[in-house]
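Work through the exercises below with the model open. Try each task before you read its solution.

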Number of protein chains: 2
Amino acid sequence: VKFAPLPPGFRFRNGSALVGGQVAYESWGSLAADRRNAILLFTGLSPSAHAASSADDPAEGWWEAFIGPGRALDTNRWFVLCVNSLGSCFGSSGPASIDPETGQAWRLRFPDLTVEDIAAGGKACLEHLGVTSLHGVVGASLGGMSAMAFVAQFPGTARRLGTLSASDAASPVAIALRSVQREAILSDPDWQGGQYAPERPPVRGLRIARKLGTTTYRGANEWDARFGRQRVPNPTPGAPFGEPEFEVERYLEAQAQRFATRFDANCYLYLSRAMDRFQLADHAADGRLASVFASVGLEKALVIGVETDVLFPIGEQARIAAALTEAQVSATFVRLNSPQGHDAFLVDVAGFDPPLRALLS
Amino acid sequence: VKFAPLPPGFRFRNGSALVGGQVAYESWGSLAADRRNAILLFTGLSPSAHAASSADDPAEGWWEAFIGPGRALDTNRWFVLCVNSLGSCFGSSGPASIDPETGQAWRLRFPDLTVEDIAAGGKACLEHLGVTSLHGVVGASLGGMSAMAFVAQFPGTARRLGTLSASDAASPVAIALRSVQREAILSDPDWQGGQYAPERPPVRGLRIARKLGTTTYRGANEWDARFGRQRVPNPTPGAPFGEPEFEVERYLEAQAQRFATRFDANCYLYLSRAMDRFQLADHAADGRLASVFASVGLEKALVIGVETDVLFPIGEQARIAAALTEAQVSATFVRLNSPQGHDAFLVDVAGFDPPLRALLS
């Protein structure tokens, strides 16, 4: 992982500056001499910039199947760059990183965060690398929101846009679910109004938030096939409440334990609320989504949605695609029937790979 | 509200007896001289036996539109009886009621609860009233599960069955969601391992459980139309996390406050886990659902499902209806397109009323 400093004049959308701010990134492939072959990749809520393995870090990345020589994000041709979202906790500045003036974590003194700020963090990274023109900007989930916020804020920078399982503005159900997740963290006494010590984080709240997230990230039919009503072998007779009885509960438990020990609670709150507030149409004077895309200079766009996604329902991707088309951007809308719901972009390589290749090649 | 004692020989499915056990009930209409005109109504997870207003209690009931003279549950013809589920906290014995031997609430010493026990609680109430034959047994959600458990356990008692937005066996998604709700209660330090004082219940956990419940009880399209992305007027600038910004969050807040002050946390845990474990096919030696219905003596059945229900998805009602038909019960399956999701049975009177009338008349 490498780091790009936020440029001296960097301001959050709410006007705040950030002393010593930085964005963590990783890259694959080589930047061409004209510096015009870069693809900028934004992430979902929880991943780091480690989207794929590399000589520096051979661990498997979160989008390994899509990045590499001959893959959809073809590193023989493109310089692929993934940034850890501003506000996250994997190297980019966020509530868990240290305020150099106090030597303490920013915690809730970190500036109010928007998806636009995450996009601007990506732009700061490009400036650091001397990249002023992108072959494309791509992202899924929050990453797709960030990619659209990037295009809206920095018109003419990216030639192609790929927005996967994303939304221009979240639905009330998605807001409600995230609100419950945040309340689980806020209700954990260990949250301490955000002032928890790093060694005593609000694990109970994070566990609940992650279990609910996991449940809404996947498709019902996939879980019917994968877990059904299968029971945990040899459950304790008269086991207390909270002990998993069904395999699906054991799966949630494993997900929660992994997450609660590696993700920072305040970062989660900031990123979660930013997703609720994001409303891409705010970037047009007339408040129309098509107007946002009218002057962004895109030559091509891809919008993918998944029929089984309950968190970012397919009507939202249809709305984005219609607005792009109305704005005379050459846009392809792909509806996938992946059973995996919102998380399909991580696992349904057969569904996501061909349209991504078509967008970028 | 009136009370029926559990008969002396009453045993829970796990073999436990319950000293001083009782079931709370309300009734509307008159029991005929032959005592054969009763309809037994079971409730969902959270309501009391107060399904409709009466001279004794003029407050509006939770199924007011369906019960009364000339209504679907026509009190000019039928003696309608609604029981508070065994294990609940509105008069029936449950974890919050007092163990007469200790003078303390049973709490987690209350016997392990199943949907079959709730059904047996209804049967105890019938015995108390001298009713041995029912015109029908009806219920929605957990109430529909209880109605089916009643039919399976007491064959020949009910002539007609109405099971609405119910399941013969919950899906892994429903189990996961309930598991998260239970964890929210268990994680609340005020839960105290179940030993909380009545005046200091685990309100934070109950709030989260109810907010998540409310979110999964309703349909996405209904909320799009009802709340959209409407913001709370005059939010506090720089409001802390946890303060509602969107109208949907304010709605959840109102639901949570009402629920957390009136429902007992241990009762919630017992009822929630009973729903996960329920598996109607266990009542057949060959484990087939149709076999359960083969010898229950039903003359007619109605199964209603709602396309937008994410908690009790319509495939489950289709499965029940198919099993009834295979068992040669004259069964009607009604698919409703109500936008209100799982809660439609409370509000979509136009959709639920005609088939219920047809079942019972």
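**Exercise 1.** In β9(B), which residue is the bridge partner of Phe42(B)?

*Solution.* Start with the ground rules. This is a predicted model, where local features need pLDDT of at least 70, side-chain atom pairs count only at pLDDT 80 or more, and totals for chains, interfaces and linings use all residues. Residues are numbered from 1 along each chain as its sequence is written, chains are lettered from A and ligands numbered from 1 in the order in which they are written, and side-chain values use heavy atoms, leaving out hydrogens and water. Next, find the strands (DSSP runs of E, at least two residues, numbered from the N terminus; helices are H or I, at least four). β3 (38-42) and β9 (134-140) of chain B pair in the parallel sense over 5 bridges. Two strands pair if DSSP finds at least two bridges between them. The partner of Phe42(B) is Gly139(B).

**Exercise 2.** Which strands are the edges of the open sheet in chain B?

*Solution.* Write the order of the 8 strands: β1-β2-β6-β3-β9-β10-β11-β12, with mixed pairing. The edges are β1 (2-5) and β12 (331-336) of chain B, each pairing on one side only.

**Exercise 3.** Describe how α6(A) packs on α3(B).

*Solution.* Take α6 (247-260) of chain A and α3 (172-186) of chain B. Their angle is about 55 degrees and their axes are 9 Å apart. Axes are lines fitted to C-alpha atoms, for helices over the stretch in contact (heavy atoms within 4.5 Å); angles run from 0 to 180 degrees between N-to-C directions. So α6(A) is oblique to α3(B): under 35 degrees is roughly parallel, over 145 roughly antiparallel, 65 to 115 roughly perpendicular, and the rest oblique.
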